[in-house]
Amino acid sequence: MTILQLDPIAALATAPGIGAIAVLRVSGQGAIEITNRFFRGKDLTKQESHTAHFGTLRNQQDGVIDEVLVTVFRAPKSFTKEDTVEISCHGSEFIIQQILHRLTREGVRLARPGEFTQRAFLNGQFDLVQAEAVADLIASDSDASHRAALTQLRGGFSKQLKTLRQQLIDFVALVELELDFGEEDVEFAHRDQLRQLMLDIRRVLHPLIDSFSVGNVIKNGVPTVIVGKPNAGKSTLLNALLNEEKAIVSDIPGTTRDVIEDELFIDGIRFRLIDTAGLREAIDTIEAIGIERTQQKMRDAALVVYLFDGWNVSPADLQEAVREVRESGKPYLLVGNKADVIDESRRQELEAVAGERVIWISAAKQTNLDALKTALSSRVRTDAAVQTGSAVVTNARHYEHLTGTDDALARALSGLDGGATPDWLAMDLRVALQHLGELTGEITTDDLLESIFSKFCIGK
């Protein structure tokens with residue numbers, strides 16, 4: 001593959017703001033020679049790739065801008081596969097701007113968001129799925145999202161799909177060849193082999209498609225709604241889990257009238273905890289709106305924590321509440337509050353009524369919260385919400401093309417069973433190939449690349 005050495009670009013690669021050091025990245029045609037023009041130290045043009053050199057950078061009046069460490073990466077052994085220089089300087093905003101100003105005076109252009117990664121993709125460093133994983137890796141804020149992004153960056157499912165796509169291309173070529181011999185009734189593409197290939201591809205696609213709901217949880221956190229009757233202790237529990245006074249706590253029923261959200265990390269999983277208005281007949285318009293929002297959050301949640309007051313709840317009320325939660329179809333945990341003021345016989349009575357395990361806590365005294373956290377983590381993992389040992393789809397664009405491929409292959413298989421002519425069969429197979437090609441970046445448009453890489457940070 002021919003390596004593109006495009007016009008030189010530069011950007012700050014580290015986070016903006018004052019710090020001990022900052023790193024500026026320069027990549028493209030002449031990046032090493034341009035930097036060497038105002039670097040005083042070893043001649044960078046004569047240095048080997050992957051070597052670092054101490055020296056000073058000078059302004060046009062030959063004054064010192066800063067003492068720096070310059071690392072040289074020669075094509076194709078760099079992130080972009082172009083000649084690249086990384087300048088480590090002191091983290092002064094003034095120094096950074098002075099260096100960038102000098103680079104632009106020497107003909108270097110300031111990079112657009114994601115332009116370094118885009119060049120890496122264009123030069124075959126990785127495919128489009130892997131390129132998007134770079135942004136996901138930078139944005140990862142939990143163990144699960146980090147591992148999911150890293151799996152994609154290392155190839156994930158895209159390498160396997162590229163191999164299957166090439167096999168499908170070979171079959172499509174044979175099917176289309178049959179069109180040239182339409183009157184002779186010849187068959188170049190053996191239908192049994194074609195059927196088996198399409199089934200093999202769909203076997204790869206289905207777990208990936210099914211993993212998208214898991215991927216959303218990994219990328220965006222587990223929406224976990226805390227529901228229950230007024231004064232069950234929902235706001236107290238939220239405050240206890242977060243270890244801060246996030247929600248107003250009061251003995252007055254209906255204190256929480258709106259949705260309160262915050263995040264909690266448990267075993268590397270990000271939970272989006274949502275405190276809601278108590279479920280009861282509303283006594284005014286504002287409370288009615290709050291209760292409606294509670295019900296909406298329950299519909300949107302990935303996990304429901306139903307909290308009840310173990311001291312005051314009646315067996316009939318608990319039984320009705322459990323029935324409603326079960327009918328919601330959502331994964332849930334039953335949590336009994338005020339465990340510090342009820343005895344074992346009362347607990348056993350309520351568990352018998354509920355018909356399942358209850359996690360007993362005291363939100364006010366913050367007892368047994370570790371057991372609740374363990375149950376939250378275990379429930380998510382048991383329900384396959386964070387299974388990142390294999391590839392997981394976290395990107396809506398990937399999901400769209402995977403489902404598009406699967407639909408096209410389903411039509412092709414149906415046509416095969418119905419004796420479809422080669423032209424109809426080839427049409428569905430071309431659609432499948434189009435989706436697979438756009439997924440991995442083997443088929444791209446400028447608009448697609450602009451849309452994807454514009455979401456990256458500048459300097460990456």
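Is glutamine 118 buried or exposed? Glutamine 118 is buried, with a relative accessible area of 15%; buried means under 20% relative accessible area, exposed over 50%, partly exposed in between, with a 1.4 Å probe and protein chains only. This is a predicted model, in which local features need pLDDT of at least 70, side-chain atom pairs count only at pLDDT 80 or more, and totals for chains, interfaces and linings use all residues. Residues are numbered from 1 along each chain as its sequence is written, and side-chain values use heavy atoms, with hydrogens and water left out.

**Sheet**
- Seven strands form an open sheet with mixed pairing, in the order β3-β4-β5-β6-β2-β1-β7.
- Helices (H or I, at least four residues) and strands (E, at least two) are DSSP runs, numbered from the N terminus. Two strands pair if DSSP finds at least two bridges between them.
- β3 (39-40) and β7 (109-110) are the edge strands, each pairing on one side only.
- β1 (residues 9-12) and β7 run parallel, joined by 2 bridges. Isoleucine 9 stands opposite arginine 109 in β7.

**Helices on the sheet**
- Helix α2 (residues 93-105) packs on the sheet and touches β1, β2 (19-27), β4 (51-58), β5 (64-73), β6 (84-91) and β7. Contact means heavy atoms within 4.5 Å.
- The direction of α2 makes about 150 degrees with that of β6. Axes are lines fitted to C-alpha atoms, for helices over the stretch in contact, and angles run from 0 to 180 degrees between N-to-C directions.
- Helix α3 (residues 115-122) also packs on the sheet, touching β1, β2 and β7. Its direction makes about 135 degrees with that of β1.

**Inside α2**
- Ile95, Ile96, Ile99, Leu100, Arg102 and Leu103 are buried. They cover an arc of only 160 degrees around the axis, so they lie on the same side of α2. The arc is that of the directions from the helix axis to the C-beta atoms.
- Glycine 107 follows α2 and has a positive phi, near 100 degrees.

**Glutamine 118**
- Glutamine 118 lies in helix α3.
- Leaving aside neighbours within four places in sequence, glutamine 118 is in contact with Leu449 and Phe453.
- Glutamate 132 is 14 residues from glutamine 118 in sequence and 9.7 Å away in space, C-alpha to C-alpha.

**Serine 211**
- Serine 211 sits in the loop between α7 (191-210) and α8 (212-220).
- Serine 211 is buried, with a relative accessible area of 9%.
- Not counting residues up to four places away in sequence, serine 211 touches Ala391, Val392 and Val393.
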